[in-house]
Amino acid sequence: MRFCDVSNLPICRGQGSIGSDKTSSAITMRIGTRLATVAMIGVMLCWPAYSQTTATRAERELFSAVNQARRAQGLQPLRWDESLAAAARRHATVMAERGSAQHGFEGEPSLSVRVKQAGGHFTWLAENVTQGPTPEFIHVQFMKSPPHRANILDRDMDSIGVGVVEERGQLFAVEDLSQAR
């Protein structure tokens, strides 16, 4: 390995010379400022990819998988509905807290009340709930279950919100589907 030995180079002292304290400080300051600016731009550009949680990615993957399944059957894709997603996330949180995937728990509002509380307006509602290790596993389970598959492929549905909560490596997933009003 070779190192540059600069100990034998002359040190220039004086106004405006390369080795002067003022110039060195100014150059160091400019380089530091530029490096900080580049780092901040890099963080801002990359932040969306890193800030997505496992749950957020799982929600997007399930939403995409539902619409792929619908397209494969010649059906229109479902629109994302944030009110449905909020209701689904609340229920997924309850499921994760209780460690069980169910459509409702004692003391919890019904599906229609949960969606209305989240600001949703609908003519018809359906819900898919389960838990599993990955979004792919969850979607396959939904499609293998006749009632869940029927919800996903229901021609009358036009909107969906997906909520996923991760708890101890397990994903608790809720798909709330509706015919919007």
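The following legends describe close-up views of a predicted model.

**View 1. Strand β4 and its cover.** Strand β4 spans residues 170-180. Eight of the eleven residues in this strand are buried, and β4 is therefore described as mostly covered, buried meaning under 20% relative accessible area.

**View 2. The pairing of β4 with β2.** Strand β2, made up of residues 122-132, runs antiparallel to β4. Ten bridges join the two strands. Within this pairing, Gly132 stands opposite Leu171 of β4.

**View 3. The pairing of β4 with β3 and the turn that links them.** Strand β3 (residues 159-167) also pairs with β4 in the antiparallel sense, here over nine bridges. Gly163 is the residue that stands opposite Val174 in β4. Together β3 and β4 form a hairpin, with two residues between them. Arg168 lies in the turn and has a positive phi of about 50 degrees.

**View 4. The largest nonpolar core.** This core holds 20 residues, of which Leu62, Leu78, Ile138, Ile152, Leu153, Ile160 and Val164 touch the most other members. At least two residues come from each of α2 (54-72), α5 (135-144), β3 and β4. Helix α2 gives the most, with five residues. In soluble globular proteins, nonpolar side chains tend to be buried together.

**View 5. The surroundings of Ile138.** With neighbours within four places in sequence left aside, Ile138 is in contact with Leu62, Thr130, Gln131, Gly132, Leu171 and Ala173. Another core lies apart from the largest one and has ten residues, among them Val94, Ala96, Val165 and Phe172.

Notes
Residues are numbered from 1 along each chain as its sequence is written. This is a predicted model: local features need pLDDT of at least 70, side-chain atom pairs count only at pLDDT 80 or more; totals for chains, interfaces and linings use all residues. Side-chain values use heavy atoms; hydrogens and water are left out. Buried means under 20% relative accessible area, exposed over 50%, partly exposed in between (1.4 Å probe, protein chains only). Helices (H or I, at least four residues) and strands (E, at least two) are DSSP runs, numbered from the N terminus. Two strands pair if DSSP finds at least two bridges between them. A nonpolar core is a set of buried Ala, Val, Leu, Ile, Met, Phe, Trp, Tyr and Cys residues joined through side-chain atoms within 4.5 Å. Contact means heavy atoms within 4.5 Å.
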